Amino acid sequence: MRPNDAGNQRPSRPLTVDQAWQITTARAAECMLFFDFDGVVAPVGDDPNAVQPVPEVMAAIAGLAEFVQRVSVVSARPVDFLRERFGHLADIDLYGLYGLEHSHGSGETVTEPAALPWVPVMAELAERARTELPEGALVEYKRLSVALHYRTNPHLAEQVDAWGRAEAERLGLRVQTGRMVIEIKPPVDRDKGMVIRDVASSAGCAWYFGDDVSDIKAFNALRELEAADERFFGICVAVANPETGQEVARAADLTIDSPQALGKFLAEALQALRA
């Protein structure tokens, strides 16, 4: 069912928060909410395996899921990692590794078939990274990608980046840069923007909350859906950060200061929907 005429009216940008939620409330039942994980639902940490979501954000997401059509997490993390954090929310869809993996609700994890042949390549790459990169570089193996972090030793940025790009070129892999990290991925056409195009095309409204350069593709996907359907309403929200925040904020409609501030923002949105 499409929204009524009032809900169809899209104000010109730039939007205020009140305008955005007014439209969303009018069409909540056909609205989808998409969240990145690191830097959005959870603060970025020195140890990526120890990162936990902000409790206020999780509570708000659980409440919002009762009102909107769908809530999804779209992350560079593997689905198994996300399930450990979101498993108690049975209706949340998880898209891991930029969409190379996905799980609908509490269902099984499905992997993009074209990516599976690259699993042994990634395992070997991770071992070589641990051996060849200098002490202080953190190697995060994700089965279908390898992330090379230098957050705790930023002076290694140039060396880690050069090594990662050389290995990607040697093996025919792709590079994704991020906040104090370079990630090496299979040469498979799948990214956050493609996830949004596939999933949100059936919605009448969608929000995407992101913080890093890979999220700009998701923002662009919402813009494309709006351009293709005058009834569709999309909102791009940037969560600020000191590394890539300015670039992401320029591509967004709204900016929120931190994951903690996002918790308050979502709690107020939930209160509006309940009202």
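## The loop between E3 and E4

In this predicted model, Leu-97 lies in the loop that runs between strands E3 and E4. Its phi is positive, about 50 degrees, although Leu-97 is not a glycine. Most residues other than glycine have a negative phi. The relative accessible area of Leu-97 is 2%, so this residue counts as buried.

Tyr-98 is placed in the loop between E3 and E4 as well. Its phi is near 60 degrees, again a positive value in a residue other than glycine. With a relative accessible area of 6%, Tyr-98 is buried.

Helix H4 spans residues 79–86, and its buried residues are Val-79, Phe-81, Leu-82, Arg-85 and Phe-86. These residues cover an arc of only 155 degrees around the axis, which means that they sit on the same side of H4. An α-helix has 3.6 residues a turn, so residues three or four places apart point the same way.

What covers the buried residues of H4? The cover includes helix H3 together with strand E2 (70–74), strand E3 (92–96) and strand E4 (101–103). Asp-80 and Glu-84 are exposed, and they are carried on the face of H4 turned away from the buried side.

## Helices H3 and H10

Helix H3 (residues 55–64) packs with helix H10 (residues 259–274) at an angle of about 25 degrees, and their axes are 8 Å apart. Angles under 35 degrees count as roughly parallel, and H3 and H10 are therefore roughly parallel to each other. Their crossing is left-handed.

On the H3 side, the residues that meet H10 are Glu-56, Val-57, Ala-60, Ile-61, Gly-63 and Leu-64. Their partners in H10 are Pro-259, Leu-262, Gly-263, Leu-266, Ala-267, Ala-269, Leu-270, Leu-273 and Arg-274. Sorted by class, the contact of H3 with H10 has 11 nonpolar, 2 polar and 2 charged residues.

## Ala-269 in helix H10

Ala-269 belongs to helix H10. Its relative accessible area is 2%, so Ala-269 is buried. Which residues does Ala-269 touch, not counting those up to four places away in sequence? They are Trp-21 and Leu-64. Leu-64 is one of the H3 residues in the contact with H10. Trp-21 is 248 residues from Ala-269 in sequence, but the two are 7.0 Å apart in space, C-alpha to C-alpha.

## Helices H7 and H8

Helix H7 (residues 192–200) and helix H8 (residues 216–228) pack at an angle of about 35 degrees, and 7 Å separates their axes. The crossing of H7 and H8 is right-handed. From H7, the contact is made by Lys-192, Gly-193, Ile-196, Arg-197 and Ala-200. H8 contributes Lys-217, Ala-218, Ala-221, Leu-222, Glu-224 and Leu-225. By class, the residues of the contact of H7 with H8 divide into 6 nonpolar, 1 polar and 4 charged.

Ser-201 is found in the loop between H7 and strand E10 (205–210). Is Ser-201 buried, exposed or partly exposed? Its relative accessibility is 46%, so Ser-201 counts as partly exposed.

Leaving aside neighbours within four places in sequence, Ser-201 is in contact with Ile-196 and Leu-225. Ile-196 of H7 and Leu-225 of H8 are also among the residues that make the contact between these helices. The C-alpha atom of Ser-201 is separated by 9.2 Å from that of Leu-222, a residue 21 places away along the chain.

Conventions. Residues are numbered from 1 along each chain as its sequence is written. This is a predicted model: local features need pLDDT of at least 70, side-chain atom pairs count only at pLDDT 80 or more; totals for chains, interfaces and linings use all residues. Side-chain values use heavy atoms; hydrogens and water are left out. Axes are lines fitted to C-alpha atoms, for helices over the stretch in contact, and angles run from 0 to 180 degrees between N-to-C directions. Helices (H or I, at least four residues) and strands (E, at least two) are DSSP runs, numbered from the N terminus. Angles under 35 degrees count as roughly parallel, over 145 as roughly antiparallel, 65 to 115 as roughly perpendicular and the rest as oblique. A crossing is left-handed if the near helix is turned anticlockwise from the far one by less than a right angle, and right-handed if clockwise. Contact means heavy atoms within 4.5 Å. Ala, Val, Leu, Ile, Met, Phe, Trp, Tyr, Cys and Pro count as nonpolar, Asp, Glu, Lys and Arg as charged, and the others, Gly among them, as polar. Buried means under 20% relative accessible area, exposed over 50%, partly exposed in between (1.4 Å probe, protein chains only). The arc is that of the directions from the helix axis to the C-beta atoms.
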